[in-house]
Structure formats: structure tokens, C-alpha cells
Amino acid sequence: MSKELVDLMKQADALTPDEQLQFIAYLTQKLRRCEMKQKPRRNVTEFAGIAPNLLKGMDAQDYVTRLRRGEFPDLEIAQMELRKEE
């Protein structure tokens, strides 16, 4: 939150309930006049292939299952990377 917003919130807390309602009405009217821009919707397929293969060929379901059992598949993946570098 910005400092300005925090300051406004503190000032709004100091207002009477009637003044708070007037302030809300003011903001509501102001926002109705603004053209709200929607964020562009993204298709999930746009993200295919963006992230590197972090599992280095390990099956994702096997990874999650082993993680839930308390095993450490991350260490195996790191060891595979070290072996490749040697």
C-alpha cells in the first residue's frame, strides 16, 4: 500500500459514519466516470515451454508422490546435474 493510501485510510477512520458514507459515495461516483481497463485475458497455452524442465525428466506425479512420502527427489535431480557437468 502506498503512504498516501494509508494516510487516507487513517483520515477516513477519523470521520463520522455519515461522513464516511459521503466519502464512499464520492469515490463511487468518481469511479463510475472512469473507464476501468480490464487486464488482458491470457490463454494458458501461451505459457507452454516458458519454464525450463526443472524435474530433468522425472515424472511429475512420481515427484509429488515421493515428496509427500518425505523423500527428497530434489537432491536426486541436483546429483544428476552434477554428474552431467563432470
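This is a short tour of a predicted model, stop by stop, with what to select at each one.

Residues are numbered from 1 along each chain as its sequence is written, and side-chain values use heavy atoms, with hydrogens and water left out. Because the model is predicted, local features need pLDDT of at least 70 and side-chain atom pairs count only at pLDDT 80 or more, while totals for chains, interfaces and linings use all residues.

**Stop 1: helix 1**

Select Lys-3 and Asp-7. Both lie in helix 1 (residues 3–14), four residues apart, about one turn of the helix. Helices here are DSSP runs (H or I, at least four residues), numbered from the N terminus. The two side chains meet in a salt bridge of 3.0 Å, N to O. A salt bridge is a side-chain nitrogen of Lys or Arg within 4 Å of a carboxyl oxygen of Asp or Glu, and by this rule the count comes to four. Lys-3 is exposed, with a relative accessible area of 60%, whereas Asp-7 is partly exposed at 29%. The cut-offs are under 20% relative accessible area for buried, over 50% for exposed and in between for partly exposed (1.4 Å probe, protein chains only).

**Stop 2: the nonpolar patch**

Select Leu-8, Leu-15, Phe-23, Tyr-26 and Leu-27, which form a nonpolar patch on the surface with about 410 Å² of accessible area together. Patch residues have over 30% relative accessible area and no salt bridge; nonpolar side chains (Val, Leu, Ile, Met, Phe, Trp, Tyr) are joined within 5 Å, like charges within 9 Å. Areas come from the Shrake-Rupley method with a 1.4 Å probe; for residues, only the protein chains shown count as cover. Helix 2 (residues 17–33) gives the largest share of the patch, three residues. Leu-27 is in helix 2 and is partly exposed, at 34% relative accessibility.

**Stop 3: Arg-66 and its partners**

Go to helix 3 (residues 60–68) and select Arg-66. At 14% relative accessibility, Arg-66 is buried. Leaving aside residues up to four places away in sequence, Arg-66 touches Met-58, Glu-71, Pro-73 and Glu-76, where contact means heavy atoms within 4.5 Å.

Now show the side chains. Arg-66 and Glu-76 are joined by a polar contact of 2.3 Å (a pair of N or O atoms within 3.5 Å; within protein, one must be able to donate a hydrogen and the other to accept it, and residues adjacent in sequence count only if both atoms are side-chain atoms). Glu-71, partly exposed at 28%, meets Arg-66 in a salt bridge of 2.6 Å, N to O. Glu-71 also forms a salt bridge with Arg-69, at 3.3 Å, N to O. Salt bridges that share partners join Arg-66, Arg-69, Glu-71 and Glu-76 into one network.

Terms used. Helices (H or I, at least four residues) and strands (E, at least two) are DSSP runs, numbered from the N terminus.
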